[in-house]
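Keep the structure open while you read.

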Amino acid sequence: MRMFSWRYWVPRGTLLVLAAVFLVMAINPLIRSAIVDNVQAITYSKVDIPRIHTSLRDNQITLAGMTVADPHHPLRNLFEADLVELEVDRDALLKRRVIVKRGRVRGLRLGTERTKSGLLSERQALDYQRNLNDHFHRLGTEWLKQTDDCLQSGLTNEIESVTLAKTLLDPLPANYAQLEQQTSQIQSDVKDLQQQLQKFGDNPLRNLASYQQAIDRLDALGRNIFEVRSHVDRTNEQFKMDVANIQATTEKDLQMLQQLQPLNTMHGGTLSEYLLGPEIAQRTEEILQWVRWSRRFAPSFSGRQLTNSSGTDLVFRGLTPKPPILIESMVLQGQALLGDQLVDLEGAIRNLSSDPKAAGVPTEVVIQTATDTPILVQAFFDATGEFSQDRVIVDCPRTPGPSRVLGDANQLAVSVSSSPVHLWIDVTLDGDILTGEMRLKQEGVTLVPQINPEFCSTDLCSAAGSSLSETDTLDVAVNLSGTLMTPKWTLQSNLGPQLAEGLRDEVHTQWIAKHRRAIEQAHQVVNQKIQEIDSMWTAKQQSILATLQAGSADVELVRQEIATRVEHTHGMVDPKSPLRKTMRR
Amino acid sequence: MIYRILRSFRFLTQALTAESAAERISMGVAMGILIGLVPKGNLLCLCFVVLAFVVRINLLAVLVTTAVASFAAFVIEPALHEIGYGVLSISSLQPLFASLYDTPWIPWTRFNNTVVMGGLLIGLVQLLPTYFTLTPWIRRCQPNWSRRARNSRWGRELLGDQVTTSWRVG
């Protein structure tokens with residue numbers, strides 16, 4: 001059988017040649033499709049390459065007008081490049097490895113706007129960010145409530161002089177009433193004795209025993225009068241002492257007021273977190289998104305065996321594993337939107353590989369601007385070991401800081417004027433363990449706090465106004481910890497403590513004045529009460545003493561009457577008379 | 001469009017009814033199995049496809065068998081992996097494989113992939129047995145298939161009798 005035939009070979013050969021020509025013509029769309037698919041698989045966002053040119057002779061691929069959408073901001077580009085030139089190693093390509101010996105990106109622009117959404121599919125909003133905002137809002141509410149409650153809290157019940165006055169003065173009217181009752185009883189007994197005396201008749205011998213009883217009652221009445229009078233004297237002395245004590249306590253009240261620190265609940269740290277938390281969380285999340293993104297971009301393979309969807313690619317003994325794709329060096333030139341202005345930037349990427357373990361060298365990215373707003377970004381992605389170790393350092397000494405409002409304007413907010421910001425970030429990832437620090441310093445800044453009058457009392461609102469008048473620097477230090485997916489951070493800033501301090505001073509002054517007024521009012525009430533009781537006591541005392549005086553006189557009269565009736569001298573009925581002892585016998 | 005589809009089936013019918021040589025059909029089937037078993041997207045598969053175009057074999061048999069063998073390869077992929085892994089792991093062949101892998105163009109064949117190697121081995125091993133088994137069988141069966149095809153309505157239509165008898169001009 002003749003297997004080779006010209007009749008077959010010529011048309012089929014022609015077909016193959018046509019296919020080869022088609023392949024050459026289609027190489028640009030094919031490479032564009034391959035690049036777009038691969039980059040989209042990394043970024044999960046749209047990649048557009050309007051023009052591409054492949055030179056097989058020069059081993060060069062040129063991409064023009066390349067845009068890669070930001071996966072986190074649908075209407076923004078991650079970057080846009082006018083021209084991307086890739087010089088590919090031909091020998092490596094023949095061995096199925098894509099090595100970009102030299103690359104150059106011209107007209108690179110970061111963060112440019114786009115008219116169409118760059119998301120490959122619609123995503124749900126980040127619950128994490130929303131939860132954080134709720135958390136910060138809650139912090140502010142609680143802080144303000146505590147502060148305002150503290151300011152509004154009453155002190156009258158805690159004033160010692162008031163308490164003492166209540167304790168000492170309240171029982172006095174009852175005490176006076178008791179004395180009055182005893183006096184009345186004495187008066188009644190005297191009258192009763194006088195009436196009895198009239199019933200006895202003129203012959204004392206018939207009612208000798210009754211006279212004897214009358215004399216005893218006279219003695220008892222005399223003792224009672226003496227006791228009541230003594231009680232009145234003691235009460236009088238006690239009242240004077242109580243008043244002196246109350247007045248001494250009043251002085252102590254005023255001294256205690258100066259020593260009180262009523263606003264210990266105004267934690268500056270909480271206030272810093274409330275005011276700066278959302279901004280810091282956003283910046284931290286942006287940095288970490290870049291790190292997550294870069295980790296996807298530089299995946300860690302398992303080593304000598306490269307697993308694909310079908311079968312396993314084995315690396316033979318004696319061969320050194322080499323990465324399928326390696327960009328040894330790529331120069332970046334372009335612009336980035338920083339605040340409101342475009343700044344020129346340049347940088348370099350070295351050893352960017354699809355298989356860092358095989359490449360054996362970490363990827364290094366350096367980007368810097370050389371304008372009035374210098375920025376230096378250094379990133380090291382080391383996935384050559386068992387665990388990836390990454391480090392990102394960002395240093396922006398003079399970033400334009402636009403005016404902004406920290407916190408919630410409907411609650412407590414601080415408006416920050418425009419001034420340059422020094423931002424420094426150092427984030428390290430060891431595996432998934434995150435450590436790092438972020439510093440933000442803004443000097444020459446005007447900070448104006450404001451509190452919504454509807455939210456709290458006018459005292460606190462007025463106190464907020466001037467609390468940061470002497471602060472012209474905003475300094476924030478953030479410590480990062482946790483993991484890449486669940487980062488934690490603690491924040492320290494001068495803003496919260498200084499605002500709290502300022503508020504504390506203002507509020508403390510108002511608090512002292514307010515409570516001094518309260519104490520003085522309380523003292524007035526106490527003094528008034530003392531005067532009332534004093535007046536009442538004076539009146540009652542006079543009344544009691546007069547009654548006692550009258551009672552004593554009556555007792556004396558009764559005594560004389562008895563003496564007259566029994567025809568003895570007054571001395572005979574005298575308790576100390578020897579005759580009286582004789583009569584008793 | 002319908003005419004083109006019918007023409008394709010006519011080629012097949014012609015091929016099976018001695019319009020094409022039995023050797024070309026059996027070689028097309030063997031080649032189709034080889035192409036079908038080897039994963040696509042590598043230089044090896046491309047070489048086999050080009051070879052199928054260049055060599056005088058029945059292309060329809062290649063196409064149909066490739067489609068069937070590709071499905072079969074998907075089913076027996078674990079077995080192909082095991083075979084390929086066994087071969088690629090032979091210690092004595094490591095220097096050879098390493099040398100091949102370091103040779104330009106050869107890595108594009110992806111011969112170091114276990115499934116590719118397994119498919120290649122099975123495809124190559126079946127090549128001659130399939131050819132030598134199918135050739136006499138097809139040759140023996142062709143007269144029967146031809147007779148049955150010409151007796152059936154569909155066979156006649158596919159072979160062109162119906163077209164020529166019913167063709168009218170004007």
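## A lysine in a helix

Helices here are DSSP runs of H or I, at least four residues long, numbered from the N terminus. The model is predicted. In chain A, helix α10 spans residues 495-565, and A:K540 lies in it.

What does A:K540 touch beyond its neighbours within four places in sequence? The contacts are A:Y176 and A:E180. With A:E180 the link is a polar contact between side chains, at 3.1 Å.

## Extent of the interface

The interface between the chains involves 34 residues of chain B and 26 residues of chain A. Together the two chains bury about 2800 Å². Carbon and sulfur atoms carry 60% of that area. On chain B, B:F53, B:R56 and B:W108 stand out: they supply 24% of the area that chain B buries against chain A, more than any other three residues.

Chain B and chain A share 2 salt bridges. One of them pairs the side chains of A:K95 and B:D102, with 3.3 Å from N to O.

Which elements of chain B give two or more residues to the side that touches chain A? They are α2 (22-37), α3 (43-54), α5 (77-88), α6 (94-101) and α7 (114-151). By class, this side of chain B has 20 nonpolar, 8 polar and 6 charged residues.

Technical notes:
Residues numbered from 1 in each chain as written. Chains lettered and ligands numbered in written order. Predicted model: local features only at pLDDT ≥ 70, side-chain atom pairs only at ≥ 80, totals over all residues. Heavy atoms only, no water. Polar contact = N/O pair within 3.5 Å; in protein donor to acceptor, adjacent residues only side chain to side chain. Contact = heavy atoms within 4.5 Å. Buried area = accessible area lost by both parts, 1.4 Å probe. Salt bridge = Lys/Arg side-chain N within 4 Å of Asp/Glu carboxyl O. Nonpolar A, V, L, I, M, F, W, Y, C, P; charged D, E, K, R; others polar.
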